[in-house]
Amino acid sequence: MQKLNFPAYQFRFKSSENKVSIFDRIRKKFIILTPEEWVRQHTVQYLIEQKGYPQSLINVEKTIKVNDLSKRYDIIIFNPDGSIFLIVECKSYTVKITQDVFDQIARYNLALNAEYLMITNGLGHYYCQMNYVDQHYDFLKDIPDYK
């Protein structure tokens, strides 16, 4: 797999029926290793190891309803009170981050009302803080560490 713009992490892998899987510490199971999953697992490690977010506040790959359509988000970090602190949209390292990707996470956020957004393809990372008063997002250099 492609080297990503994250620190080096140790992962558990297994191979079965000519497919490689990676262990997801949040879902507590092996997931087929795709380029997007490679980025997702690095992002989870980054959020826990570098930013200090408790594993118990992180949710991965769940379905939400957006305008009566079922969508799957990549990663959410909850606040201790249950509100949503951060939504992360992960793309394969082969996918360019475009306005369409920002539009996608903005649509998800209509249903979720997160305080922060992160978009990554593993090579480039974009961070935004929502400004609900003026209805836009402000770009940041990074997301805050866990308090």
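This is a predicted model: local features need pLDDT of at least 70, side-chain atom pairs count only at pLDDT 80 or more; totals for chains, interfaces and linings use all residues.

Visitor: Is Ile 143 buried or exposed?

Guide: The cut-off for buried is under 20% relative accessible area. Ile 143 has a relative accessible area of 3%, so it is buried. Leaving aside neighbours within four places in sequence, Ile 143 is in contact with Leu 47, Lys 51, Tyr 53, Leu 86 and Tyr 127.

Visitor: How far is Ile 143 from Ile 32?

Guide: Along the chain they are 111 residues apart, and their C-alpha atoms are separated by 28 Å.

Visitor: Let's step back. How many helices and strands does the protein chain have?

Guide: There are 2 helices and 9 strands.

Visitor: What does the C-alpha trace span along its principal axes?

Guide: About 50 × 35 × 25 Å. Of the 147 residues, 47% are buried. As for contacts with a separation of 6 or more, 50% come from residues 24 or more positions apart. The accessible surface comes to about 8,200 Å², and 49% of that belongs to carbon and sulfur atoms.

Visitor: And the charges: how far apart are the mean positions of the positive and negative ones?

Guide: They are 7 Å apart, counting 19 positive and 17 negative charges.

Visitor: Now a helix, please. How should I read one?

Guide: Here's the general idea: an α-helix has 3.6 residues a turn, so residues three or four places apart point the same way. In this model, helix 1 (residues 35-50) has 16 residues. From first C-alpha to last, helix 1 reaches 22 Å, close to the 22 Å expected at 1.5 Å a residue.

Visitor: How many residues of helix 1 are buried?

Guide: 12 of the 16, so helix 1 is largely enclosed by the rest of the structure. Among the buried ones are Trp 38, Val 39, Val 44, Tyr 46 and Leu 47, and the list also includes Glu 37, Arg 40 and Gln 41.

Visitor: Which residues does Asp 24 touch?

Guide: Not counting residues up to four places away in sequence, Asp 24 touches Lys 29, Ile 31, Glu 37, Gln 41 and Val 60. Two of those names, Glu 37 and Gln 41, are buried residues of helix 1. Asp 24 itself belongs to strand 2 (residues 19-24), and with 0% relative accessibility Asp 24 counts as buried.

Visitor: What about phi? How do I read that?

Guide: Most residues other than glycine have a negative phi. Asn 18 has a positive phi near 60° and is not a glycine. Lys 28, also not a glycine, has a positive phi of about 55°. After helix 1 comes Gly 52, whose phi is positive too, near 80°.

Visitor: Where do Asn 18 and Lys 28 lie?

Guide: Asn 18 is in the loop between strand 1 (13-16) and strand 2, while Lys 28 is in the loop between strand 2 and strand 3 (29-32).

Visitor: Buried or exposed, then, for Asn 18 and Lys 28?

Guide: The cut-off for exposed is over 50%. Asn 18 has a relative accessible area of 82%, so it is exposed. Lys 28, at 58% relative accessibility, counts as exposed as well.

Definitions and conventions
Residues are numbered from 1 along each chain as its sequence is written. Side-chain values use heavy atoms; hydrogens and water are left out. Helices (H or I, at least four residues) and strands (E, at least two) are DSSP runs, numbered from the N terminus. Buried means under 20% relative accessible area, exposed over 50%, partly exposed in between (1.4 Å probe, protein chains only). Contact means heavy atoms within 4.5 Å. Accessible areas come from the Shrake-Rupley method with a 1.4 Å probe; for residues, only the protein chains shown count as cover. Lys and Arg count as positive and Asp and Glu as negative; His and the chain ends are not counted. The place of a charge is taken as NZ of Lys, CZ of Arg, CG of Asp or CD of Glu. The expected span of a helix is 1.5 Å times one less than its number of residues.
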